[in-house]
Amino acid sequence: MNVRKIVTFVEEIHSEGGNAVRPAARTAVVLAVIENPWAGEGFVDDLGPLIDKVAPELGALLAPRVVEALGAPVEAYGKAAIVGLDGEIEHGSALIHTLKFGDHFRTTANATTLLPAVEKRAPAGTVFDIPLKHVTDATTRSHHQTVEARVADAPRADEIVVGLAAAAQGRPQARLAPLSSEQ
């Protein structure tokens, strides 16, 4: 795996809707800009060999970094892959939609639910939203949120931006009734 750079974002929201948020709502995103392992290969029928090689290494790289950047227990999480214009969306999906990638984050975050995801093909500098859900109960509405990320010079045409996002809480000032109240 060839990593060009790693970018980390941490956000703290101290006020929402004119009211103080205490403690501050904290989110973290860690993005790795990597060379697309299938770049220049044309259409590849079997992505498996490079999934087996790259995805576990990528998960092991990103999971501890995002938890450390968050600086608190993870309550909500998500993942992303943005493929450069010369790649296929399937290249990003291949790296993030495997337990070889995601289980690193689930283990580090003490999580049990599936990681929500975004994947797309886009030019460098594209803003993307990473969806987050609760780490043990995907029906916990207060934790359904998104975090925005962008890398100004990535992905280049032959790169993929792969990221993990975490939140230490649900949305600031969340006040929707639990899903069970509608059943």
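Partly exposed here means a relative accessible area between the buried cut-off, under 20%, and the exposed one, over 50%. Keep those two cut-offs in mind for the views below, which all come from a predicted model.

**Figure 1**
Let's start with the overall picture: the protein has three helices and seven strands. Follow the chain along its sequence and you get the pattern β-β-α-β-α-α-β-β-β-β. With a radius of gyration of 17 Å, close to the 16 Å that the globule rule gives for 183 residues, the protein is as compact as a globular protein of that length. Its C-alpha trace spans about 50 × 35 × 30 Å along the principal axes. Of the 183 residues, 45% are buried. Count the contacts with a separation of 6 or more, and 75% of them come from residues 24 or more positions apart. The accessible surface is about 8900 Å², and carbon and sulfur atoms own 49% of it.

**Figure 1. Close-up of the salt bridges around Arg 4 and Asp 153.**
Side chains of opposite charge can pair when their charged atoms come close. Six salt bridges turn up in this protein, and this view zooms in on a network of them linking Arg 4, Lys 5, Asp 153 and Glu 159. Take Arg 4 and Asp 153, whose closest N and O atoms are 2.9 Å apart. How exposed is Asp 153? Its relative accessibility is 28%, so Asp 153 counts as partly exposed. Arg 4, at 30%, is partly exposed as well.

Is Glu 159 buried or exposed? With a relative accessible area of 5%, Glu 159 is buried. Now look at Lys 5, which forms a salt bridge with Asp 153, with 2.9 Å between the closest N and O atoms. Lys 5 is in strand β1 and Asp 153 in the loop between β6 and β7, so this link bridges 148 residues of sequence. Lys 5 is partly exposed, with a relative accessible area of 28%.

**Figure 2. Helix α3 and its buried face.**
Which residues of helix α3 (residues 99–108) are buried? They are Phe 101, Gly 102, Phe 105 and Arg 106. Looking down the axis of α3, you'd find these buried residues within an arc of 125°, so they line one face of the helix. On the face turned away from the buried side you'll spot the exposed residues Leu 99 and Thr 107. After α3 comes Asn 110, with a positive phi near 55°.

**Figure 3. Thr 126 in its loop.**
Thr 126 is found in the loop between β4 and β5. Its relative accessibility is 18%, so Thr 126 counts as buried. What does the side chain of Thr 126 reach? That would be the backbone oxygen of Pro 123, at 2.8 Å. Setting aside neighbours within four places in sequence, Thr 126 is in contact with Lys 120, Ala 149 and Arg 150.

Conventions
Residues are numbered from 1 along each chain as its sequence is written. This is a predicted model: local features need pLDDT of at least 70, side-chain atom pairs count only at pLDDT 80 or more; totals for chains, interfaces and linings use all residues. Side-chain values use heavy atoms; hydrogens and water are left out. Buried means under 20% relative accessible area, exposed over 50%, partly exposed in between (1.4 Å probe, protein chains only). Helices (H or I, at least four residues) and strands (E, at least two) are DSSP runs, numbered from the N terminus. The arc is that of the directions from the helix axis to the C-beta atoms. A polar contact is a pair of N or O atoms within 3.5 Å; within protein, one must be able to donate a hydrogen and the other to accept it, and residues adjacent in sequence count only if both atoms are side-chain atoms. Contact means heavy atoms within 4.5 Å. A salt bridge is a side-chain nitrogen of Lys or Arg within 4 Å of a carboxyl oxygen of Asp or Glu. The radius of gyration is taken over C-alpha atoms; the globule rule is 2.2 Å times the number of residues to the power 0.38. Accessible areas come from the Shrake-Rupley method with a 1.4 Å probe; for residues, only the protein chains shown count as cover.
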